[in-house]
Structure formats: structure tokens, C-alpha cells
Amino acid sequence: MCGIVGEVSARGPIDRQAFDRRRDLLHHRGPDDADTWMSPDAAVALGNRRLSLCDPSDAGRQPMANEDGSVQVTFNGEIYNFRALRRQLEGRGHRFRSRCDTEILAHGWEEWGEGLLERLEGMYAFALWDRRRNGLLLARDRFGIKPLYYFRGEGRFAFASEPRALVAHPEIPRQVDLSALCDFLVYRFVPSPKCIFRGLAKLPPAHALFCELESGEVRTWRHWRPSREENGVEDVGARFEELFADAVVSHTAADAPLGSLLSGGMDSSALAAMTARRNGEYPTFSIGFSHWQDSEHSDAAAVAAAFGLPNHRWLLGLESLALVERLAEVFDEPVADISTLPTLAVAALAANRVKGVLSGEGADELFGGYAWHHRLAAAAAPVADLVSFYGEAMAMGSFAEGELERLIHPDRRDALPADPLWFYRSCLEEVDEATTLDRSLAGLQWLDLRSFMGELVLTKVDRATMAASLEARVPFLDHRLFDFVYALPRQTVYRAGRQKPLLAEFLAGKIPRRILERPKQGFVGPDHYYRLDRRRLAALGDARLVRDGVFSAAGLRTMVETGGPWRRWKLLVLELWYRRWMAS
């Protein structure tokens with residue numbers, strides 16, 4: 001896991017010292033090492049901050065090259081099948097200098113070109129300079145587990161793992177994109193390809209981009225699409241367990257200590273069950289909340305005990321609300337999910353003992369764990385408008401069209417979206433929109449993976465763990481496992497009155513029955529943790545978003561008084577972000 005940064009300039013040489021300063025703004029993503037490669041004419045620079053989980057020797061230092069240096073790569077993530085790819089490449093005459101998965105990318109591009117991407121199994125965001133083609137490749141993994149932002153200007157192209165390393169560039173203006181800000185108020189996140197900073201963009205999940213230096217031409221394409229071809233496996237449970245075991249084995253390969261996050265729910269319990277097969281001393285990490293009857297820390301301890309795994313716990317009190325003040329620094333593009341606070345806490349807890357953790361993201365999307373999945377599955381007839389159905393399901397703290405108009409300053413209302421749900425609509429267009437009930441469920445599953453998971457949950461986990469210099473790995477988003485479950489008949493995944501039956505059958509008899517039978521609970525604290533106290537309400541009363549003419553004073557005042565706790569939370573997150581990153 002690393003932080004990556006780079007620049008291609010047709011407007012004169014890149015300043016090495018200034019470039020390295022921007023690289024080091026990502027120190028938290030890679031505190032173990034840092035390096036920069038520059039072309040002889042200083043027209044191209046690639047930088048890397050390294051968190052060493054694989055081959056911590058100097059041979060694993062990035063950026064990394066092929067034999068003749070014609071391909072240079074800087075990489076963030078893990079390629080889990082790199083040993084198999086390395087054997088193939090060595091059979092074709094390629095020579096390797098390290099034991100690191102990064103080197104696969106340089107040789108693989110040289111050998112297969114764009115065909116490299118379909119061969120990769122893992123989580124990744126990487127950039128690759130090809131001297132022969134005089135161009136830069138950017139690529140992002142299938143689900144968007146790792147982030148990648150870029151800037152395209154006249155004679156200049158730059159990229160980074162986080163916006164902070166781009167907006168520090170003197171030629172990139174630090175201005176808010178009002179259209180993206182409106183999207184944040186609708187979705188709780190800024191959907192790709194947009195970014196909250198004007199002039200910046202996010203490379204969407206499962207996409208690649210190639211920029212030619214001389215012409216400045218940029219070509220973007222999708223390198224993966226989900227398949228809906230139903231499979232005919234007879235013993236679904238056995239095949240699922242085989243694929244799940246393979247995913248956990250690949251995700252636990254490392255040269256540094258790893259652990260697992262354990263909430264006490266089914267998803268993290270399944271990870272604990274599988275990791276216990278490999279290592280009975282595998283540490284687990286849990287967060288609880290004091291004086292709250294729904295805190296899951298006791299269930300987490302029971303699961304850890306059932307598998308003989310060490311369990312390290314942090315019981316949070318109201319003092320943990322001080323973490324709110326860290327949100328704007330950690331999330332340089334705002335995310336208003338209410339689980340950011342416990343995620344920051346559990347990441348800090350785990351980082352005291354390990355360098356990486358397994359986490360259960362993706363299981364609810366994959367196995368139909370959300371309430372809206374079951375509402376749709378139980379519907380007597382196909383849902384006519386799946387986008388509207390999904391928009392309602394995801395509307396926590398959302399601002400409807402008329403509310404946005406009242407909130408945004410009258411002089412800025414040209415930024416209001418013509419269709420507030422445009423992003424959900426575009427996600428659904430990525431697969432064949434369906435009219436039958438069975439296909440509607442598959443469409444809903446994809447909406448979750450592409451939007452809620454890909455844009456909000458994975459962003460939250462990446463930023464919160466990387467803030468603690470901790471790598472998070474998500475075995476449920478192994479694409480082979482995804483392809484298998486996504487193609488199963490819907491009745492196998494959704495059954496009336498049962499939560500995630502595939503996981504439940506795997507866990508039956510392994511963990512306390514009450515955990516399998518209890519209703520799903522998100523990774524959140526008690527509601528009163530998110531109700532704004534007087535000091536934070538005062539911050540909204542003196543909002544710089546109003547002072548700078550982004551919000552209407554009357555509109556914000558009405559929303560604070562009547563908008564409810566989740567909208568106030570979203571407004572606070574945005575105001576704190578604006579004060580940190582935009583206000584002069």
C-alpha cells in the first residue's frame with residue numbers, strides 16, 4: 001500500500017524539490033520509504049510513498065522499471081496473483097530484480113499492453129510511463145478499492161492518490177466545484193468522475209486512461225464489466241467456500257504482520273472463521289460504545305473466543321467525538337457517512353499492532369444484506385423505476401431538489417443538477433437495465449457495488465486506514481468470488497426471512513446462534529453521537545460557506561433548524577471541509 005503522485009509536462013522541466021514536497025504530503029500513506037523517478041529532460045516525474053508489506057528490502061523501492069528502463073511504474077495496492085503472472089513473464093524471458101508485486105506491472109505492460117489489466121487480481125491504482133509510446137497510463141481496480149485523482153491542464157497532466165497532493169501545485173487553483181458540492185449534498189459523497197475541487201477528476205473504478213505527452217490527447221476506457229451469465233454449479237455452498245478460502249489465502253500473504261477487523265456481525269465473523277484456519281494467533285480488532293445496549297463489542301469478543309483468536313477492543317465514550325475535528329484533515333474530499341468516526345478509531349487501534357487488516361466490505365452488497373434488497377425481492381411485481389427505488393433507500397440526509405435550491409445562494413444556482421439522481425442512473429446504464437424481478441435484483445446489487453460501495457464505503461475505509469498508515473484488504477471483493485455470486489440464481493442469494501443465507505450456512509455451528517439471527521446493524525454508534533452540540537451548531541451559525549456566498553444564510557438557517565440530525569451532520573462535515581481546504 002502506498003501513496004502515488006506524478007506529473008507530465010510539455011511546458012518545461014518539472015521542479016524536483018517542489019514535486020517531492022507534494023509527494024511527501026502523502027507521507028501517511030507510506031511512511032516507510034519514498035523515492036522519485038524523473039525522465040532525463042524532467043518532463044515526466046513519478047513519485048511514491050511506500051508502506052512496505054511485500055518485500056520490504058531496498059529492491060522493492062518504487063518507482064520501479066523493466067529491464068531497460070523504458071517502462072516506469074508507481075503503484076498503490078496489492079496484486080494477489082503476481083506470483084503466477086511472474087512465472088508467465090519469466091517464461092517469456094523477462095528478468096525480475098525484486099520479490100515485489102509492483103514489478104509485475106512494468107513487465108506485464110511491456111508484454112501484454114492493455115491486456116495486462118484483465119489479468120490482474122487485486123486492488124490497485126497505478127501509473128505507468130511508457131517511453132516508447134511517449135505516454136502515461138493510469139489504471140484503477142474493478143471496484144474502486146484504491147483511489148486515483150488527476151488534473152488535466154494546458155500542457156500539463158498530474159495525478160495523485162489524494163487531492164491534497166494536487167491542489168498544492170501552484171498551477172492548480174484551489175476552488176470548489178459547485179456542481180460536485182451539490183452532488184455531495186444529495187449522495188453523501190462526490191461521485192466519479194467528479195471531484196469537489198474544480199479542475200480535478202477521479203478515475204472511475206474499472207477504468208484506465210492513457211495520456212500522450214506530445215499531443216496531450218487523453219483516452220479513457222472501461223477495462224472490466226460484470227457478467228450476469230448464471231452458472232450451473234450443483235453444490236453452491238462448497239464452491240462458495242472454496243472461492244472464499246482462496247480469497248482469504250491470497251489476501252493474507254504479506255511480509256509484515258496482519259490482523260482482521262471484527263465487528264461481531266456475519267461478514268467479519270466469516271473472515272475470522274477463515275483466518276483462524278490459517279493462523280490461530282491472528283489478531284482481531286473491535287470497537288464498542290460505552291453505555292449503549294446495541295454495542296457489538298461483546299459479540300465480537302464471543303466470535304474471537306469461538307475461534308481462539310486474540311481480540312483487542314476499544315470502548316468509545318463521548319470523548320471520541322473529538323474525532324470529528326479530524327474528519328476534514330483525513331478526508332480532503334468530504335464523505336458524510338456516519339461510520340467514519342468508528343472506522344477512524346478501529347484503524348488507529350489496529351495500527352498499534354499490525355501493518356494491515358482484513359475488512360468485511362463488500363459482503364452486504366454481494367450477498368444481499370441490506371433491507372432494500374429484501375424489500376425488492378419480496379415485491380409482488382417488478383419495480384418500474386429502479387433508480388427512484390434506490391434513491392429512496394439511500395436518502396439518509398439527502399437534500400431534495402427544492403431544498404437544494406433554497407440552500408444554495410441565488411447567485412450560484414446554475415450549478416444545481418437537472419437530475420439529482422443522475423449518478424444512480426449512469427451506474428445502472430453500465431449493465432443491461434432489467435425489467436424482470438430477477439434482473440432488477442441484479443441491477444440493485446450493481447447499484448450498491450458501483451455507487452454506495454465503490455464511491456462512499458471504500459473511500460471511507462481507504463482514508464481512515466491510510467490516515468493511520470494501515471493497509472485494509474477486502475477479500476469479499478475478490479473479483480472471482482464476486483463473479484460467482486453475482487451470477488447465482490437470485491433465490492440462492494435472497495431467501496425470505498433469512499439474512500445472507502450463503503454466509504449463514506457457512507457460519508452455522510461455528511459462532512453463537514444469536515449473532516446469525518439478529519437483525520443487521522451498521523458500523524455506527526448511538527444516535528446521540530451524531531447530534532450536534534452547541535459548539536458545532538455555532539460553527540454552522542457562522543458558516544464560511546455563507547460568508548463566501550456558496551450557501552444562502554436563510555436557507556442554511558432553516559435547514560439547521562428543521563433539517564434533522566443527518567442533514568445537520570452532512571452540513572457540518574461540509575463546513576469543516578470548506579474551512580480546512582477552501583476558505584482563505
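## A parallel sheet

In which sense do β13 and β14 pair, and over how many bridges? The two strands pair in the parallel sense, over 2 bridges. This description refers to a predicted model. Within the pairing of these strands, Ser 260 stands opposite Thr 284 in β14.

β13 and β14 belong to an open sheet of 5 strands, with parallel pairing and the order β15-β14-β13-β16-β17. The edges are taken by β15 (311-316) and β17 (471-473); each has a single partner strand, so one side of each lacks a neighbour in the sheet. On average, and with direction ignored, neighbouring strands of this sheet are turned by 30° against each other.

## Strand pairs and the faces of β13

Strand β13 covers residues 258-261 and is buried on both faces: Leu 258 and Ser 260 lie on one side, Gly 259 and Leu 261 on the other, and all four residues named here are buried.

Phe 289 has Leu 316 of β15 opposite.

## Helices α7 and α18

Helix α7 (residues 236-251) and helix α18 (residues 479-486) have axes that come within 9 Å and cross at roughly 160°. An angle over 145 degrees counts as roughly antiparallel, and α7 and α18 are therefore roughly antiparallel to each other. Their crossing is left-handed.

On the α7 side, the contact is made by Val 236, Arg 239, Phe 240, Leu 243, Phe 244, Asp 246 and Ser 250; α18 contributes Arg 480, Leu 481 and Phe 484. Sorted by class, the residues of this contact are 6 nonpolar, 1 polar and 3 charged.

## Helices α22 and α25

The axes of helix α22 (residues 534-541) and helix α25 (residues 565-581) come within 10 Å, with a crossing angle of roughly 65°. The two helices are therefore roughly perpendicular to each other. α22 passes α25 in a left-handed crossing.

From α22, the contact involves Arg 536, Leu 537, Ala 539 and Leu 540, and from α25 it involves Arg 568, Leu 571, Leu 572, Glu 575 and Arg 579. These residues divide into 5 nonpolar and 4 charged, with no polar ones.

## Two buried residues

Ser 451 is part of helix α17 (residues 437-467). Its relative accessibility is 0%, so Ser 451 counts as buried. Apart from neighbours within four places in sequence, Ser 451 is in contact with Phe 189, Tyr 390, Phe 423, Tyr 424, Cys 427 and Leu 456.

Met 38 lies in strand β2 (residues 33-38). The relative accessible area of Met 38 is 18%, and the residue is buried, because the cut-off for buried is under 20%. With neighbours within four places in sequence left aside, the contacts of Met 38 are Ile 14, Arg 16, Val 44 and Ala 45. Between Met 38 and Gly 237 there are 199 residues of separation in sequence and 51 Å in space, taken from C-alpha to C-alpha.

Methods. Residues numbered from 1 in each chain as written. Predicted model: local features only at pLDDT ≥ 70, side-chain atom pairs only at ≥ 80, totals over all residues. Heavy atoms only, no water. Axes fitted to C-alpha atoms, helices over the stretch in contact; angles between N-to-C directions. Parallel < 35°, antiparallel > 145°, perpendicular 65-115°, else oblique. Left-handed = near helix turned anticlockwise from the far one by under 90°. Contact = heavy atoms within 4.5 Å. Nonpolar A, V, L, I, M, F, W, Y, C, P; charged D, E, K, R; others polar. Pairing = 2+ DSSP bridges. Buried < 20%, exposed > 50% of the residue type's maximum accessible area, 1.4 Å probe, protein only.
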